[in-house]
Amino acid sequence: MSGPAHPLCPITGEPAVRRVQVVDARLLAALWRIVHRTDPRPSFRGSTRFGLWESPTGLYFFDPMRAGDAGFYAGFYRSRFMRGYLRDPARAEFRLAAERIAPGARVLDVGCGFGTFRHRVPQADYTGLDPHFSGDPAKDPWARKQTLAEHLAERAGRYDAVCAFQVMEHVEDPLALMREMAAALRPGGLAFVGVPHVPSAQSRIPNWLTNAVPHHLTWWSDPALRALAGRAGLTDAEVLVSPWSRGDVFVHWLARFSPVKAVTRHYRHAAAWHLAPLAAAVPAYLASRLLPLPAPGRDEGVSLLLVARKPGFP
């Protein structure tokens, strides 16, 4: 009997090299409802099983890809942790990108959320773009309630820097988004893409829902980000490790203290897998508040940051 057909990598179009595991949609739906009080089933659109696959670039991706809808995120972002994280300007990926943005640069922040990155680039002409922006663009003149495709009709090729922090992993066609980001750049401009990666602390926590469909559809690697940049026509790609900040280091300690480590599989309906993160939560919280941050260079960090340039000259 032949095995399952290998789905194609969403970046390169090459067949996946292996299936990491199959995840039952009922397990994920139950966990989302219990842990985060949000219902992912409308976003699943009838899918009953999800394969988690690894591409030749090291990218992990779910098949089928099912992005969360507005109702799912309305529930998920009610949590204090998520709202605090999204409003935290101290995230290391923000600092790494801001260091490369010159005074007066025109910056486009795709999927800007609350526009937190603008606090790290006061020297720049900042525009935040988010079709689901929760504020009032009339009161927040830096905000545009548009998709990137809609924005390109007005301002293609206008920006010195285009950023997408923790956005790429949420979309069903990451290459299309990367190409739109490239189209928004002027020649010589820089693209910044921050993404979760594998292996990482997140991928070692058993039943860690933040990494699960319909929230995260992809987990990234250095080669995957370089392939993404190349397929979008960008050059001089560099991949940086974003070190932990005080606002996200809880995840690092949760993975360290968990008595169960997710290695060959990541989701499982078993008592030990459900209880392990709960057992680790209190010591992880205390460590995240009291212990020094992990030293950069000696840890995988919280995420990866791609920096790539659009060819040509202004």
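Student: What share of the 314 residues in the protein chain is buried?
Tutor: Buried residues make up 54% of the chain. A residue is called buried when its relative accessible area is under 20%, exposed when it is over 50%, and partly exposed in between (1.4 Å probe, protein chains only). Bear in mind that this is a predicted model, where local features need pLDDT of at least 70, side-chain atom pairs count only at pLDDT 80 or more, and totals for chains, interfaces and linings use all residues. Residues are numbered from 1 along each chain as its sequence is written, and side-chain values use heavy atoms, with hydrogens and water left out.

Student: Why is His 151 called buried?
Tutor: His 151 has 1% relative accessibility, which is under the 20% cut-off, so it counts as buried. You'll find His 151 in helix α6 (residues 148-155).

Student: Which residues does His 151 touch?
Tutor: Leaving aside residues up to four places away in sequence, His 151 touches Leu 108, Thr 127, Leu 129, Arg 144, Gln 146 and Tyr 159. Contact here means heavy atoms within 4.5 Å.

Student: What makes β4 and β5 a pair?
Tutor: Two strands pair if DSSP finds at least two bridges between them. Strands β4 and β5 (residues 125-129) have five, in the parallel sense, so they pass. Val 110 stands opposite Leu 129 in β5.

Student: And how many bridges join β4 to β7?
Tutor: Three, and β4 and β7 (residues 159-165) run parallel. Leu 108 stands opposite Val 162 in β7. As for cover, four of the five residues of β4 (residues 106-110) are buried.

Student: Where do these strands sit in the sheet?
Tutor: The open sheet has seven strands in the order β6-β5-β4-β7-β8-β11-β10, with mixed pairing. At its edges stand β6 (143-144) and β10 (235-242), each with a single partner strand, so one side of each has no neighbour in the sheet. Further in, six bridges join β7 to β8 (residues 185-195), again in parallel.

Student: How many helices and strands are there in the protein chain?
Tutor: There are 11 helices and 11 strands. Those are DSSP runs numbered from the N terminus: helices are H or I with at least four residues, strands are E with at least two.
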